Amino acid sequence: MATVFSFASWNVEHFKNDRARAEENIAFLSAQDPDVFAVYEVEGGEVFAHFVELMPSHNIFVTEDLGDMEILIGVRRSLVAFITQRHELKSKLPTLRPGALVTLTIDDAFYSLLFVHLKSASDPRSCGLRDDMIGHVLGLKRALDNAVDGSANFIAVGDFNTMGMNLTYSDKDLSGAEEIERYRRRFDRKGMRLLSKSADATWWNGPGSSYDPSDLDHVFASDHLQFAPFGGAEVAVRGWPEEGTDAQKGDWIERHSDHALLYGEVVA
């Protein structure tokens, strides 16, 4: 099968105006060579300038009006793309992030990639906001399906922050795995599936952390889309999960981010 395009999604925690860190992270991202990518938690204007300078193969865009946590998008210059912000994913809260929708036109077919960074935290309000944002993602899928009078080529990818929900003095807590399963069922009813990954955990704060590695980053895709295999998985998890020892994982996290990078290839 031939690759139609490749994509990457990476939450680079608190990505500020640090030239050395920008060079190292951009070098790691460039080594993956994605056609389309999103980087979350961009907090400094100079980061955008660094990407423009250090990744001349891509057109660079950034979401706006968030103030301190933008989504940076890169699209290979040879591709035809249309990019919009999906403000409905803010769930009417100014401090939340819109989704970034990238629509590619390849061989007369449209491919829509929605890059998301959902609400963090495990309190009931935050979990409820994630649930509401998932509803908006599925609403967009329905609209895209109607636009093509069928099933759209749709991928929703990013940091879903599936942390579960903790209720004070209650036995009705929701684990992260249970939250993922709820979303999997919701997407399944809309003709989308949760793609398998080469590693379950995508987030960790490193050795000495009071938190265990967690499964926060995901890819949901229209059922009919096909993806290149990575050791039997549909999405490659790259970064700290590939390191051998906890010390090496911690070093990677310290130099780059507590999130691993997701990489996939759509094939036909």
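There are 16 salt bridges in this structure, which is a predicted model. One of them pairs E24 with R255, with the closest N and O atoms 2.7 Å apart. E24 sits in helix α1 and R255 in helix α5 (residues 246-255), so this pair ties together parts that are 231 residues apart in sequence.

**Salt bridges**

- What makes opposite charges pair up in the first place? Side chains of opposite charge can pair when their charged atoms come close.
- Back to the pair from the lead: E24 has 31% relative accessibility, so it counts as partly exposed. R255 also comes out as partly exposed, because its relative accessibility is 31%.
- D131 and R186 meet through their side chains in a salt bridge, at 2.9 Å from N to O. This pair links distant parts of the chain, with D131 in helix α3 (residues 124-148) and R186 in helix α4 (residues 176-189), 55 residues apart. D131 has 26% relative accessibility and is therefore partly exposed.
- K141 and D145 form a salt bridge too, and their closest N and O atoms are 2.7 Å apart. They are 4 residues apart in helix α3, which means about one helical turn separates them. Are K141 and D145 buried or exposed? Both are buried.
- R19, E23 and E53 belong to one network, joined by salt bridges that share partners.

**An arginine without a salt bridge**

- R21 is part of helix α1. This residue is buried but has no salt bridge.
- Which side chain of opposite charge is nearest to R21? That would be E13, 5.7 Å away.

**Strand β2 and its partners**

- How many of the residues in strand β2 (residues 36-42) are buried? The count is 7 of 7, so the strand is mostly covered by the cut-off of under 20% relative accessible area.
- Strand β1 (residues 3-15) pairs with β2 in the parallel sense, over 6 bridges. Within that pairing, W10 has V39 of β2 as its bridge partner.
- Strand β4 (residues 70-76) runs antiparallel to β2, and 6 bridges join the two. Here Y40 stands opposite I71 in β4.
- β1, helix α1 (residues 19-32) and β2 together make a right-handed β-α-β unit.
- As background, side chains in a regular strand alternate between the two faces of the sheet.

**Backbone angles worth a look**

- Most residues other than glycine have a negative phi.
- E41 isn't a glycine, yet its phi is positive, at about 70°. You'll find E41 in strand β2. Its relative accessible area is 10%, so E41 is buried.
- D149 isn't a glycine either, and its phi is also positive, at about 55°. D149 lies in the loop between α3 and β8 (154-159). With 73% relative accessibility, D149 counts as exposed.

Key. Residues numbered from 1 in each chain as written. Predicted model: local features only at pLDDT ≥ 70, side-chain atom pairs only at ≥ 80, totals over all residues. Heavy atoms only, no water. Buried < 20%, exposed > 50% of the residue type's maximum accessible area, 1.4 Å probe, protein only. Pairing = 2+ DSSP bridges. Right-handed = clockwise from strand over helix to strand, strands pointing away. Salt bridge = Lys/Arg side-chain N within 4 Å of Asp/Glu carboxyl O. Lys, Arg positive; Asp, Glu negative; His and termini not counted.
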